[in-house]
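Hi,

Here's the structure I said I'd pass along.

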Amino acid sequence: MSKGEATRGVILDEAGRLARRVGLGGLTIGSLATQTGMSKSGLFAHFGSKESLQLQVLEHSRDRFIDEVIRPALKAPRGLPRVRDLFERWLAWDSVEGGCPLTAASFELDDQPGPVRECLVRVQRDWSDTLATVFTSGIGEGHFRADADPLQFAQDLQGVMLSFHMASRLLADPSAADRARRALDTLLAAAAA
């Protein structure tokens, strides 16, 4: 990794932390300059525009999500253990200060057409496909019924995750994680072979 790429990664990490607090809409080159102590002109040379900055923060968040949640979970045994591992890693990811930036952006951008929303839609569809694929591996392992619907499971599991996000972040419910785990258990029991 070149020095320039390393610097860009550090800036995007800081931009991601800022976006978790103020949302992508509140993320500007000016606000990032204030946060990092860098000059606006220096940041403009890296990103060029607010939209480009937002897109790169989304892509950087996606890459970190893959590195911290998906890739490690894929090392768990296929099927049920992998579903549980993926879920626990997502809970940990969403439990850091500011929560999951991809989830927060989904609420923020759902009615705002444009390239940033289109990028986020691709990220969220990839995530749904990943959940369905991991579940499908459980059918192959004999953990889940052969007639279980992986896409329905993926949607239901995302419902549990969104409910956890709201309960933990907005309502500060200390039992949010336990309730989310019980909801996962219910989904898994319904799909069990």
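Predicted model: local features only at pLDDT ≥ 70, side-chain atom pairs only at ≥ 80, totals over all residues.

First, the annotation. An unreviewed UniProt entry marks residues 28-47 as "DNA-binding region". In the model, residues 28-47 are 80% helix and 0% strand, with 10 Å between the C-alpha atoms at the two ends.

Next, the helix pair. Two packed helices are described by the angle between their axes and the distance between the axes. For helix α1 (residues 3-22) and helix α4 (residues 50-73), the axes come within 9 Å and the crossing angle is roughly 95 degrees. Angles of 65 to 115 degrees count as roughly perpendicular, so α1 is roughly perpendicular to α4. On the α1 side, the contact is made by R8, G9, L12, D13, A15, G16 and A19, and they meet L53, Q56, V57, H60 and R64 of α4. By type, the residues in this contact of α1 with α4 come out as 5 nonpolar, 4 polar and 3 charged.

Last, a residue in α4 that I'd look at: S61. Is S61 buried or exposed? Buried means under 20% relative accessible area, so S61, at 7%, counts as buried. Leaving aside residues up to four places away in sequence, S61 touches W93, P101 and L102. There is also V123, which is 62 residues from S61 along the chain, with the two C-alpha atoms separated by 9.9 Å.

Cheers

Terms used
Residues numbered from 1 in each chain as written. Heavy atoms only, no water. UniProt positions renumbered as here; feature names shortened; annotations may be inferred. Helix = DSSP H or I, 4+ residues; strand = E, 2+ residues; numbered from the N terminus. Axes fitted to C-alpha atoms, helices over the stretch in contact; angles between N-to-C directions. Parallel < 35°, antiparallel > 145°, perpendicular 65-115°, else oblique. Contact = heavy atoms within 4.5 Å. Nonpolar A, V, L, I, M, F, W, Y, C, P; charged D, E, K, R; others polar. Buried < 20%, exposed > 50% of the residue type's maximum accessible area, 1.4 Å probe, protein only.
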